[in-house]
Amino acid sequence: QVQLVESGGGSVQAGGSLRLSCAASEYTYKNYCMGWFRRAPGKEREKVAVGYSRSRYTYYADSVKGRFTISRDNAKNTLYLQMSSLKPEDTAMYYCAAGLVCSGNFNYWGQGTQVTVSS
């Protein structure tokens with residue numbers, strides 16, 4: 001079974017930053033599309049940022065473009081979401097996810113990590 005382990009969530013004031021981590025198996029890290037989704041209470045799930053390990057292209061939602069960045073540590077098979085200039089509307093449960101292709105279904109999900117941004 002594909003296992004994704006997230007960490008790094010927490011509480012921060014508006015304008016602050018956080019860095020989320022997602023540790024994956026070597027196979028998943030190298031072969032799957034991986035990225036981040038989020039869901040706030042009462043709102044639909046949103047694709048935040050996704051990409052392939054061997055591609056320089058990464059998709060970013062318009063709502064986070066310029067503020068959030070995906071990075072990777074290939075030695076640790078770990079995906080990061082670097083978040084800066086955080087806004088209260090970024091408050092959500094953030095999930096690491098993986099799928100066969102970025103345009104398809106994401107079949108594997110982490111447990112989620114809460115991000116809370118206060119104003």
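Two strands pair if DSSP finds at least two bridges between them. Strands here are DSSP runs marked E of at least two residues, numbered from the N terminus. Keep both in mind.

Now, the ground rules. This is a predicted model, where local features need pLDDT of at least 70, side-chain atom pairs count only at pLDDT 80 or more, and totals for chains, interfaces and linings use all residues. Residues are numbered from 1 along each chain as its sequence is written, and side-chain values use heavy atoms, with hydrogens and water left out.

Start with the sheet. Four strands form an open sheet, in the order β1-β3-β8-β7, and the pairing is antiparallel. At the edges sit β1 (5-7) and β7 (68-73), each pairing on one side only. From one strand to the next, the twist averages 20°. That angle is taken between lines fitted to C-alpha atoms, in N-to-C directions, on a scale from 0 to 180 degrees. What holds strands together in general? Strands of a sheet pair through backbone hydrogen bonds, either parallel or antiparallel.

Next, the joins. Six bridges link β3 (residues 18-23) to β8 (residues 78-83), in the antiparallel sense. β1 and β3 also run antiparallel, with three bridges. Look at Cys22. In β8, Cys22 has Leu79 as its partner.

One place back is Ser21, also in β3. Which residue of β8 stands opposite Ser21? Tyr80 does. Is Ser21 buried or exposed? Ser21 counts as buried, because its relative accessibility is 17%; buried means under 20% relative accessible area, exposed means over 50%, and partly exposed is in between, using a 1.4 Å probe and protein chains only. Beyond its neighbours within four places in sequence, Ser21 is in contact with Val5, Glu6, Ser7, Trp36, Thr78, Leu79 and Tyr80. Contact means heavy atoms within 4.5 Å.

Now compare Gln114. Gln114 lies in strand β11 (residues 113-118). Its relative accessible area is 34%, so Gln114 is partly exposed. Setting aside residues up to four places away in sequence, Gln114 touches Gly9, Gly10, Thr91, Ala92 and Met93. Gln114 and Val64 are 50 residues apart in sequence, and their C-alpha atoms are 17 Å apart in space.

Last stop, a loop. Leu100 is in the loop between β9 (92-99) and β10 (106-109). With a relative accessible area of 63%, Leu100 is exposed.
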